[in-house]
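Please walk me through this structure stop by stop. I have it open in a viewer and want to know what to select next and what is there.

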Amino acid sequence: MANRVAGSVHFFIYDVIKIFILLSVLIFSISYVQSYFPPERTRRILGQRKGVGANTLAAFLGTLTPFCSCSSIPLFIGFTSAGLPLSVTFSFLISSPLVDLASVILLASIFNWTIALSYVVVGLILAVLGGTLIGSLRLESQVEAFVFQSPVSDHDNDGKISREERLIYAREQVLDIVHRVWLFVLIGIGIGAAIHNWIPESCIASTLGQDRWRSVFVATVAGVPMYADIFGTLPIAEALVQKGVGVGTALAFIMSVTALSLPSVIMLKRVVKLPLLVIFIAIVTVGIIVIGYVFNSASQLLI
Amino acid sequence: MNIKILGSGCKKCLALADNTKAAAETAGIDPQIDKVTDVVAIAGYGLMSTPGLVIDEKLVASGRVLKAVEIGKLLAKA
């Protein structure tokens, strides 16, 4: 009993310190880079490309944009009203919450670099394929009409911002994001600590264990409505993997929690009609499940 | 004159609102300052990164907190 309490406390304190230090350092450096890529500039860059190249670039630029899914609506409207095809916009929308530089480094520190880099690659592939698929379905009629009529503004702060302003921006982003996510992170670490020491391995193995074919499916579907960002989700995934859950299952859980959530779906519903929304959720969910199975079957190569 | 601050109630939007009030005071005008917090309404102005500043229904700045001096110049132009 005392051992277990000590174990939980150890997991909790160790993870709190590790994640908050990493979070602050990473957000600071990434925000500095991000200050060179305001959405207006991203939109301009993407507008010059066509085809799969545009989708790939959208997926990459998605990794450089802010972490929060709350900015997805203004981006969606801004991109679409400026004439970017749905395929490019959705590639961006899928990759943006799913893959960002901070999460990659955090993944590497909790698991290893092979897993982190594989996560980026499959995340980008999901974004490119998902966007391309949505584009090929010709669903423009499924976007609310006012989106196309929204004015296009091209205020671009990029050339005007001094280095000092970028550093201030980066510091503000750290404070802003830590302020917004600290509770989620603590809850995530708390759940991780509980799984780590209190939930018997047999119990987890019987629901999410490697030998269970449905484990990826369960983890993905459970994660879809959840709203948290990757920083809160990682400690849970970490504890699950230590309990013998497959890496693919854990990654599927991280991906479904971050890429899709009830609040972001409710927001998207205001700009796209139901069929497009359902197709978007279905494509992303199926993609995540496939990724989960691929990772699980290749897991001996990764750990 | 009608001024709108676009943003979902974040700290930066409040800072922008304060700077705007200060700029208006310096300029000796008393505009009506409204806050727009609905994301769809915000995006309706073509804004992609908050906070945004709208003077007489025209988006004049977005994505950062302008200093009172900068807002003063925009007010003089409007």
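Which residue in the turn of the hairpin formed by β3(B) and β4(B) has a positive phi? Select Asp56(B): its phi is about 45°, and the turn leaves 2 residues between the strands. Keep in mind throughout that this is a predicted model.

β3(B) and β4(B) run antiparallel and are joined by 4 bridges.

Pick Ile3(B) to find its bridge partner in β3(B), Ile55(B).

Now display both chains and look at where they touch. Chain B gives 16 residues to the contact and chain A gives 17. On the side of chain B, select α2 (39–43) and β4 (58–62), each of which supplies at least two residues. α2(B) has the largest share, 4 residues. Coloured by class, this side of chain B shows 9 nonpolar, 5 polar and 2 charged residues.

Finish in chain A with helix α13 (residues 247–259) and helix α15 (residues 274–297). They pack at an angle of about 160°, with axes 7 Å apart; the two helices are therefore roughly antiparallel. α13(A) passes α15(A) in a right-handed crossing. To see the contact, select residues including Leu251(A), Met255(A) and Ala259(A) of α13(A), and Ile288(A), Gly292(A) and Phe295(A) among those of α15(A). By class, this helix contact has 12 nonpolar and 6 polar residues, and no charged ones.

Methods: Residues are numbered from 1 along each chain as its sequence is written. Chains are lettered from A and ligands numbered from 1 in the order in which they are written. This is a predicted model: local features need pLDDT of at least 70, side-chain atom pairs count only at pLDDT 80 or more; totals for chains, interfaces and linings use all residues. Axes are lines fitted to C-alpha atoms, for helices over the stretch in contact, and angles run from 0 to 180 degrees between N-to-C directions. Angles under 35 degrees count as roughly parallel, over 145 as roughly antiparallel, 65 to 115 as roughly perpendicular and the rest as oblique. A crossing is left-handed if the near helix is turned anticlockwise from the far one by less than a right angle, and right-handed if clockwise. Two residues are in contact if their C-beta atoms, placed from the backbone, lie within 7 Å. Ala, Val, Leu, Ile, Met, Phe, Trp, Tyr, Cys and Pro count as nonpolar, Asp, Glu, Lys and Arg as charged, and the others, Gly among them, as polar. Two strands pair if DSSP finds at least two bridges between them.
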